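Hi everyone, thanks for coming along. I'll walk you through one structure today, and I'll give the cut-offs as we go.

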Amino acid sequence: MIPHDRADAPDLLCPIMPDFNSATKLSLSGPEPLAALLAAGEAPSGLWRPEEMAAIFRHQMAALLEADLGGLTPPAARRLEAMAAAQGAPARSFADLLRHPSPPLELLEMVKDFAKTNADHPENGLPKEIAAVLYYACIAAALLRLKARISKLPDADLGRGLRWAAAQPWLDEETKQLLARALAGITGAEARDASGL
Amino acid sequence: MAGEPSASTIFPQTDWEALGGQSNEGDVMRLDGLIRRYWRPLRVFLASTFPSLGGEQAEVLLQDFAEDKLLKAGWLQRANRQRGQFRQFLKRSLRNFVLDRLNRAEVKNAPVSLEELVEELPEPEAGAEEFDLEWARVVLAETLRRMEEDCRNPEGNQPRRSQTWELFRLRLLEPLFQNAAQTPYEQLIARFGLKSPLEASNMLLSAKRIFKAHLVRVIQEYTEQDDATAEEIRRLEEFLARLAKRRAIGAHPA
């Protein structure tokens, strides 16, 4: 279970650690760790390890929309309230939105834009793979639940993106199914177009 | 740091009048601070370049170098003109100073034979390498010391600043320098109460930015100029990477 709101409790969770004693630790160190440390101030890529993607995606899905979207517009906030009320339980996370039977289109578009910005700018910090999967998941949810197209990508490109996203080994089963079903819809339409039906 | 000069200044006998217009007190104090900080690399360089010198003799020579050489004969002015190359300039100066001293000692029938010393001198590169490695250690240790101090005692209302240091320590320092396993992502977010991957990434990026800012400041104290600082960081990176690669090959020859 990922905590939503523990910002007030970090002192209990994180007691002050003893000093690192940099001079002692580094005085016998070889060149390799020193080189790695020196490089730490450089490019922001590689913050997290590939094997951590599953945990990061779970965290992303559990995160509150408001926390990452930096304050919702009033209409989006009202739609979120309505969505929460319709579910009868607090529904404010990314997972809530993507799994809702009738998600607000405006919110899906906002999350898609948030994901695209992060995928295009890795210096923002969100792993590019996580941002890209989130991007395609929003498009998939709009296609499947609202029969709406919120992407201008041609079917072939969208199909490639959905296929790539669904194939990520760290993805949870529910999101994988969402992407796979949207992909099936796209490729079905492509097949129908090709056969002239 | 062990072996660092213990007096409040390494230039206790400075004759300011004799220096005349060549140096001002600010310049000398700045130099004093730098030589104190990098005393250990200088000592390591001396020991590896002139292995026949005893520890006490080396320490005396180093102190003489600081007092006799650095403040005289326009050394400070030449160093100022070569700020971007301060590290190399200091290293060359010390080597030349010691060779000169030993030469004179030989003439005066010194207890240590110059001939013997020169015969035993390793390749200049060996001492230079030890010096540069020790220099990098001091630069990085000083950077971390300042970063930790900054994070633990932040200016203004920055309640998460100490967590930023802890995250950096857990995620980078302990795995690098204590062979500790990296704390898994899920433990980190629980420990620091991070609400989303973006917040987690931002905190780690913030730690790296703080580290970089202190690194630049530490190096800028001897290079003085922005472009020379960037160049010095690049040189240290290249040196460490080259040395790491060579040692790895040496440890596991084909």
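Let me start with burial: a residue is buried if 20 or more other C-beta atoms lie within 10 Å of its own, exposed if 12 or fewer, and partly exposed in between, with C-beta atoms placed from the backbone. Before I use that, please keep in mind that this is a predicted model, where local features need pLDDT of at least 70, side-chain atom pairs count only at pLDDT 80 or more, and totals for chains, interfaces and linings use all residues. Residues are numbered from 1 along each chain as its sequence is written, while chains are lettered from A and ligands numbered from 1 in the order in which they are written.

So, helix 4 of chain A. Helices here are DSSP runs (H or I, at least four residues; strands are E, at least two), numbered from the N terminus. Which residues of helix 4 of chain A are buried? They are Met53(A), Ala55(A), Ile56(A), Phe57(A), His59(A), Gln60(A) and Met61(A). That is 7 of the 10 residues in the helix, which spans 53-62, so the rest of the structure largely encloses it. The cover comes from both chains: it includes helix 7 (94-99) and helix 9 of chain A, along with helix 10 and helix 11 of chain B. By cover I mean contacts, and two residues are in contact if their C-beta atoms, placed from the backbone, lie within 7 Å.

Staying in chain A, look at helix 8 (residues 105-120) and helix 9 (residues 128-146). Their axes come within 8 Å and cross at roughly 155°. Axes are lines fitted to C-alpha atoms, for helices over the stretch in contact, and angles run from 0 to 180 degrees between N-to-C directions. Helix 8 and helix 9 of chain A are therefore roughly antiparallel; the classes are under 35 degrees for roughly parallel, over 145 for roughly antiparallel, 65 to 115 for roughly perpendicular, and oblique for the rest. Their crossing is left-handed, as the near helix is turned anticlockwise from the far one by less than a right angle (clockwise would be right-handed). Among the residues that meet are Leu105(A) and Leu108(A) from helix 8, and Tyr135(A) and Cys138(A) from helix 9. The contact residues divide into 14 nonpolar, 1 polar and 3 charged. Here Ala, Val, Leu, Ile, Met, Phe, Trp, Tyr, Cys and Pro count as nonpolar, Asp, Glu, Lys and Arg as charged, and the others, Gly among them, as polar.

Now across the chains. Helix 3 of chain A (residues 31-39) packs against helix 9 of chain B (residues 161-177) at about 165°, with axes 9 Å apart. That makes helix 3 of chain A roughly antiparallel to helix 9 of chain B, and this crossing is left-handed. Pro33(A), Ala36(A) and Leu37(A) meet Leu172(B), Leu176(B) and Phe177(B), giving 6 nonpolar residues, no polar and no charged.

The whole interface takes 43 residues from chain B and 46 from chain A. Which helix of chain B gives the most to that side? Helix 11, with 10 residues. The chain B side divides into 25 nonpolar, 6 polar and 12 charged.

Finally, chain B itself has 12 helices and 0 strands, and 35% of its 254 residues count as buried.
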